[in-house]
Amino acid sequence: MKDYSDIPGTYVFDGEHSRKGYRLNMFCMSLNEEANRELFIQDESAYLDGRGLTPAQKRAVLDRDYLELLKLGGNIYYTFKIAMLDRKSMQYVGGQMSGMTEEAFKEMMANGGRAIEGNRRVGES
Amino acid sequence: MARIVAGIGTSHVPAIGAAMDNGLTDSDYWAPLFKGYGPAREWMRKTQPDVAIIIYNDHASAFSLEFIPTFAIGVADTFQPADEGYGPRDVPVVVGHPALAWHLAENLILNEFDMTIVNNLAVDHGLTVPLSIMFDQPDVWPCRVIPVCVNVIQYPPPTGKRCYDLGRAIARIVASFDEDLTVVVFGTGGMSHQLQGERAGVINQPFDIDFLDRLVSDPIGLTERPHVDYIREAGSEGIELVMWLAMRGALGESVRQVYRHYHVPASNTAAGLTVLEPV
């Protein structure tokens, strides 16, 4: 039990998480290079093969399942590079991870963001 | 003798830079944020520092998971804007101050801050957005820059107290540099925000306001805050605020707040700006 384990909906990128996601995150890192972005777009599946991702991680990349990517060790600054390629916003990704449309997420932010009340601890209401 | 004349705390949200790069600062969404930057930019025009020491974090741009320095200092002549996944920002090349940077690197290490020394460092939005916020869109940045990069991506970042102490050491070492320079120190990142998970979008305005207040009046108290409190109260990415404590540590015991601006939202973030002068 870590002191942050009871924070809901939050995947702290600690050592355990980082070990799990190393290959996945380093694939994302490769997208910092234009040439690699082009190769990835040409054939996503082939680009991912041989990079050491687990089948589940590969599936989540292809599906653009950002919450699943977090659960499989992804770090948001790394996985967001995939969203950048798709020209998706952080509001789109934030909405997808929290089960909201991009528009609803934007509206929530415009109204002051997600309330901290009720979101500090699991089971809190 | 070099001297620190001010500290600036500011968010470094990439969307703020993108709004400027794409000419959107007068839009309904962005105008309130940028209007609040006006007085800080005016203050900066009058202050005209020779050097800015910018305490920031890299976001999977220059550093990846291959190696993760807790504290790094850029000693190069120049620093190129990084390609973060959508091409580099079209902003001026950042010009360093290698003599002062090496003076800092050597003396920080001798004062038991074991810096990683970086000669080749592309700088991402964490560093260039604060420059844009304070200097707008010049053809060349009007001062030299020393990047001090702090790991806040891989948990755990250095503690708030360690950052504050780093700032104190920076101040002593700047004061021992034998050239007449004025220096401002930036602490960047924050304020409350969480980009990831089902709790994405969390904002805590009372936390942020309290942080801005105590940055002036009770920085030592703030250094006692454990990481879990930042994550719980200010969101997983709100922990970037430890970098503001490094800035505060560089200003000495007492400061006066020259200016403050706070606005929600900038993208998924609460944007804060504070300008502090040592007294």
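Mentor: Happy to. Start with contacts in chain A: among those between residues at least 6 apart in sequence, 49% join residues at least 24 apart.

Trainee: What makes two residues a contact?

Mentor: Contact means that they have heavy atoms within 4.5 Å. Before we go on, this is a predicted model, where local features need pLDDT of at least 70 and side-chain atom pairs count only at pLDDT 80 or more, while totals for chains, interfaces and linings use all residues. Residues are numbered from 1 along each chain as its sequence is written, chains are lettered from A and ligands numbered from 1 in the order in which they are written, and side-chain values use heavy atoms, with hydrogens and water left out.

Trainee: How many helices and strands does chain A have, and what counts as one?

Mentor: Chain A has 8 helices and 0 strands. Read from the N terminus on, the order is α-α-α-α-α-α-α-α. The C-alpha trace of chain A spans about 45 × 35 × 20 Å along its principal axes.

Trainee: Why is A:Arg64 called buried?

Mentor: Buried means under 20% relative accessible area (over 50% is exposed, in between is partly exposed; 1.4 Å probe, protein chains only). A:Arg64 comes out at 13%, so it counts as buried. Of the 125 residues of chain A, 52% count as buried.

Trainee: Where does A:Arg64 sit, and what does it touch?

Mentor: A:Arg64 is in the loop between helix H4 (55-63) and H5 of chain A. Leaving out residues up to four places away in sequence, its partners are A:Phe40, A:Glu44, A:Ile82, A:Asp86 and A:Gln96. A:Glu124 comes 60 residues from A:Arg64 along the chain, and their C-alpha atoms are separated by 30 Å.

Trainee: Over to chain B. How do you know that the buried residues of H1 lie on the same side of that helix?

Mentor: In H1 of chain B (residues 14-21), the buried ones are B:Ile16, B:Gly17, B:Ala19 and B:Met20. They cover an arc of only 155 degrees around the axis, so they fall on the same side of H1(B). The arc is taken from the directions that run from the helix axis to the C-beta atoms. An α-helix has 3.6 residues a turn, so residues three or four places apart point the same way.

Trainee: What covers those buried residues?

Mentor: Their cover includes helix H2 (31-47), helix H4 (125-135) and strand E9 (255-266) of chain B. After H1(B) comes B:Gly23, with a positive phi near 65 degrees.

Trainee: What makes a space a cavity or a pocket?

Mentor: On a 1 Å grid over the protein atoms alone, a cavity is a set of points where a 1.4 Å probe fits but cannot get out, whereas a pocket is an open set with protein on both sides within 12 Å along at least five of seven lines; lining residues have an atom within 4 Å of a point. The search finds 2 cavities of 30 Å³ or more in the whole structure. The largest cavity holds about 200 Å³. Its lining has 19 residues, with A:Phe13, B:Val152, B:Ile153, B:Ser236 and B:Glu237 closest to the centre.

Trainee: How does the lining of the largest cavity divide by class?

Mentor: Into 12 nonpolar, 5 polar and 2 charged. Ala, Val, Leu, Ile, Met, Phe, Trp, Tyr, Cys and Pro count as nonpolar, Asp, Glu, Lys and Arg as charged, and the others, Gly among them, as polar.

Trainee: And which element gives the largest share of the lining of the largest pocket?

Mentor: H1(B), with 6 residues. That pocket has about 970 Å³ of space. Of its 38 lining residues, A:Phe80, B:Pro14, B:Ala15, B:Ala18 and B:Tyr86 are closest to the centre. By class the lining has 16 nonpolar, 13 polar and 9 charged residues.

Trainee: How much area is buried between chain B and chain A?

Mentor: About 3,700 Å², with 57% given by carbon and sulfur atoms. Buried area is the accessible area (1.4 Å probe) that two parts lose on being put together, summed over both. On the chain B side, B:Leu65, B:Glu198 and B:Arg232 lose the most to chain A, together 19% of what that side buries. The contact takes 40 residues from chain B and 47 from chain A.

Methods. Grid points are joined across faces, edges and corners, and a volume is the space filled by probe spheres set on the points. Helices (H or I, at least four residues) and strands (E, at least two) are DSSP runs, numbered from the N terminus.
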